[in-house]
Amino acid sequence: MPKENQYSYRQIPLLPLRGVLVFPYMVIHLDVGREKSISAIEEAMVDDKKIFLATQKEAQTDDPGEEDIYRIGTVAEVKQILKMPGGTMRVLVEGLSRGEIQEYVSYEPYLKVGIKEFTEISGHKSPEIEALMRTLIYQFEQYVKMSKKIPPETVVAVVAVEEPGRLADIIASHLALRIQEKQSILEALNVSKRLEIICEILAKEMEVLELERKINIRVRKQMEKTQKEYYLREQMKAIQKELGDKDDRAAEGEELREKIAEAKLPPEVEEKALKEVERLEKMPPMVAEAVVVRNYLDWLLALPWSQETRDRLDLAMAEKILDEDHYGLAKPKERILEYLAIRKLAKKMKGPILCFIGPPGVGKTSLGKSIARALGRKFVRISLGGVRDEAEIRGHRRTYVGSMPGRIVQGMKQAGSKNPVFLLDEVDKMSSDFRGDPSAALLEVLDPEQNYMFSDHYLEAPFDLSKTMFITTANSPHNIPRPLLDRMEVIYIPGYTEEEKTRIALDYLVPKQVKEHGLKPSNIKFSEGAVRKIIRQYTREAGVRNLEREIASICRKTAREVVANKKKCVRVTSNSVPSFLGAERYRYGTAEKENQVGVATGMAWTETGGDTLSIEIALLKGRGKLFLTGQLGDVMKESAQAALSYVRSKAEELGITEPDFYEKYDLHLHVPEGAIPKDGPSAGIALATALASAFAKLPVRSDVAMTGEITLRGRVLPVGGIKEKVLAAHRAGITTVVLPADNRKDLEEVPANVKKKLEFVFVDHMDQVLEKALIKSS
């Protein structure tokens, strides 16, 4: 194989190049600015104009060392120097031959290296090199056609080159390659190897250019299609305009404008809606924002801005409907009828904001529905139990994906009128967290001075809630924030008495359950005694939910009897109730049968109504200690202490002659049913009576029950829950009830039939109580 290169050694200035590589036979301008580089150029010009050009591995390095410069570079001749402003110079160089750095001779004032210079020998071309040259020329021609970045004249010049090494270098200098690829070509000293490398690189470049061409064609086609569609659409618009037809978007805009005109929106809302329609018409149909605008317009048009129902102002009919649905509940019914009377007199009136507070099961929620029926209004109910996000009330802003109005606006849309009865259930069960406080958002809703311009975040337009009747329900006022409670008219609904429960069961619950279980009224008969037994010994509640469940249980068992045994009628009596419901679950308070020493009957109010309680005193030999048992609260313990102090101060009047009697005995005061907590001052006079009886050894009348707070001086103060306590005493078989004189007014709430059967003794001092309760020995 003929020798391709011959080499010689020489020392020459080095010019490190940044981001550029010079091939042999390549003419190029270089901008030189570094001091060492300028010194190297100046030295070359003084000598033989020869300089060694080697590329830096990293272009960012300002002062390259031996390891920062490729070892193989190009020996070049400086053709021209042009000094530039700022101390730099532009140098025109021509590559001559390859060279390899053998050693660094000096570093200052410029880099000087000893190189091995390679000179290619032209000679006989082998068939392989000839084939590589032809392939390379063909590929280069194709590359020039595809890239269109290289002028066609270059191809003519390249084809004329006959030396294979020079051909490879000239073609490589015209290719836009990375420095590493160019360096690999420069380092290929073997000509055939160099030709192969360039052939491979050209093949890859042409593949990339082909892909670019396909992508460009695809993009151009898409652009042409879009332009074509736009052009055709514009033509269609022009044709439709000439024919007087409308396109879909224009038709949608017109339809929305007609709906807005028909909806009778307030002026500011109508203006906002029309602006949104204009926005919608300018948007492309499938833009996501267009869907948001359509939803917004749908909500605006669906709300009852001007629609309202006419109130039923017939008071007699309204009262009849209220009585049909609920037994008792005089105060709420009276308030509704008052509202109707005022509505009849005053045509314009703000809707009242009521709050029904009472124990579970007394009919607060169903009363709201009944009020709507009585008024002839639409009814909407939302439950606020567990709501903890302010946006539930006021809605989300339209910037959020999937945003929608709050529960208030949704309820108004559901009602379809601007004056419904709006029930906010369980208003005391709301809570707050990092998302806001819903109870604070309700302040605007439930304030008559503000709710005529209620602002929902989604609507961004004021909505009038002033004609809506808002009713809220709660079990306890303690969990309702004070500012919210202050905005509402509170109506307390107490628990039902036994008499009321009996009437509700017979008149409402039994017929309802009989119907729901597919029975006929002739299939089952409930006696009043059976209902009372269920109330007393199978339920303990303020409302009637459990009572209804027990009646439903009896109806289910009756339905089975009717189907299985073909029984035509089942009679439910007080004696047969256990066969349906099992053993009795609760103890029912009854009066003591005998007059006993140290035992007095008190009366207590409970959430489930009223009850009687026995107060027992035992005297034990000791040192005057007082033991209190029966889960008594702090207030009741203090009442016991006050009662004991009173009895000690009245020892002589009570006939207690034994000196220092209170130091010789320990006192044990017990109130039975120890599992049930008891508290309050109302048992004060009963405690004092039991203590006086124990010390004086005088029995207490078993048919007397009493309630009232006691002071150290023996005064009797008024207490609450009189209605429930009196009914409990009557239920227990008591015949005489001792009450504080100041509670005389509370007897108005007690049913007349109960008052007839009881003797009421009104007292203002403890002496009067003892006179009536103790049986003195003759």
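**Getting to know this predicted model**

Ser 370 is found in helix H12 (residues 364-375); helices are DSSP runs of H or I, at least four residues, numbered from the N terminus. This is a predicted model, where local features need pLDDT of at least 70, side-chain atom pairs count only at pLDDT 80 or more, and totals for chains, interfaces and linings use all residues. Residues are numbered from 1 along each chain as its sequence is written, and side-chain values use heavy atoms, with hydrogens and water left out.

Me: Is Ser 370 buried or exposed?
Reply: Buried means under 20% relative accessible area, exposed over 50%, and partly exposed in between (1.4 Å probe, protein chains only). Ser 370 has 2% relative accessibility, so it counts as buried.

Me: Which residues is Ser 370 in contact with, leaving aside its neighbours within four places in sequence?
Reply: Contact means heavy atoms within 4.5 Å. With those neighbours set aside, the partners of Ser 370 are Ile 321, Leu 322, Asp 325 and His 326.

Me: Where is confidence lowest in the protein chain?
Reply: Confidence here is pLDDT, the predictor's own score for each residue, from 0 to 100. The chain has a mean pLDDT of 84, with 96% of its residues at 70 or more. The lowest mean, 74, belongs to helix H22 (residues 661-664).

Me: How many residues in the contact of H21 with H23 are nonpolar?
Reply: Ala, Val, Leu, Ile, Met, Phe, Trp, Tyr, Cys and Pro count as nonpolar, Asp, Glu, Lys and Arg as charged, and the others, Gly among them, as polar. H21's side includes Met 636 and Leu 644, and H23's includes Leu 687 and Phe 695. Two residues of this contact are polar, none is charged, and the nonpolar ones number 10.

Note on methods: Helix = DSSP H or I, 4+ residues; strand = E, 2+ residues; numbered from the N terminus.
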